[in-house]
Amino acid sequence: MKIKLFQVDAFASNVFEGNPAAVCPLDEWLEDELLQKIAEENNLSETAFFVQSNNHIHLRWFTPQAEVDLCGHATLAAAHVLYQHLAFIESVIRFQTRSGELLVAKSKHGYTMDFPINMPINIEAPSLLLAGLGIEPLDILVADDYLVVLNSEHDVKNIRPDFSKWAELDKRGVIVSAKSEQQDFVSRCFFPRLGVNEDPVTGSAHCQLVPYWAKQLGKTTLLARQISARSGLVNCELLKDRVLLTGHAVDYMQGVINLPNLSGDSLK
């Protein structure tokens, strides 16, 4: 069995920027265990698999350790592969996912993803969260992830989390954010529970960040930067219960995965 593999830098204008994702188009779904093994072998924060069936494109995302419900940068990467390499001609891609239907449109500004908002709410901070943080927060909220708001962009840039503490938290991960000096807000995202200590640029996190910062700043169009070592810009717009996230993508690598004569025992 041979599977095409594309590695794409998402939320990037040049290679070695943004967030790398692997994308594997499939003719039909393979066993979940095999999909997980491929993602583990790729050893990127996310591997996207999709199957085209009639007018639908079914999309799934895997970290090296688990399947996830939503991933922004790998969705953007999958759209890039469809438009640039697989001759997709419709103006909008409609992905069917575990998070419902997700739309991606291509324009001169890049790829725009239409995602549901994930509104965070204020909570009393869990002790493990504070122990791993090591700095006094301005605010603590939660949705799919914990959202920690700090005093400054400098604090976000220089934070050094204790991942052994955060790996024990009950949520997917921790987003750390602050008002930006040059953009509207900055963030960093940590997912040690999923085997990704820091994710370079996280589209799904902005489903939580955008409604929070739109309320704080009194505006619905925002420019965000995730200030990981690779960094990446995300253009954001809040539309009622939806978030539009726009970014660019570039090819890094193309290849073929060889899976000869695999049986159930060989996957163990």
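**Group meeting: a walk through the model**

Okay, let's start at S13, which sits in the loop between β1 (2-10) and β2 (19-26). When I say strand or helix, I mean DSSP runs numbered from the N terminus: helices are H or I with at least four residues, strands are E with at least two.

Quick housekeeping. This is a predicted model, so local features need pLDDT of at least 70 and side-chain atom pairs count only at pLDDT 80 or more, while totals for chains, interfaces and linings use all residues. Residues are numbered from 1 along each chain as its sequence is written, and side-chain values use heavy atoms, with hydrogens and water left out.

Back to S13. Which residues does S13 touch, leaving aside its neighbours within four places in sequence? They're H248 and V250, where contact means heavy atoms within 4.5 Å.

Now the inside. The largest nonpolar core has 55 residues, and W61, I93, F95, V210 and L245 have the most contacts inside it. Helix α2 (residues 72-85) gives this core its largest share, 8 residues. There's also a second, separate core of 17 residues, with L129, Y146, L169 and V176 among them. By core I mean buried Ala, Val, Leu, Ile, Met, Phe, Trp, Tyr and Cys residues joined through side-chain atoms within 4.5 Å. Buried is under 20% relative accessible area, exposed is over 50%, and partly exposed is in between, using a 1.4 Å probe and protein chains only.

Next up, strand β16 (residues 232-239). Its covered face has G232, V234, C236 and L238, and its uncovered face has L233, N235, E237 and L239.

What does β16 pair with? Strands pair if DSSP finds at least two bridges between them. On one side, 6 bridges join β16 to β15 (residues 221-226), running antiparallel, and L222 stands opposite C236. Then 5 bridges join β16 to β17 (residues 242-247), also antiparallel, and here C236 stands opposite L245. The β16-β17 hairpin has 2 residues between the strands, and K240 takes a positive phi near 55°.
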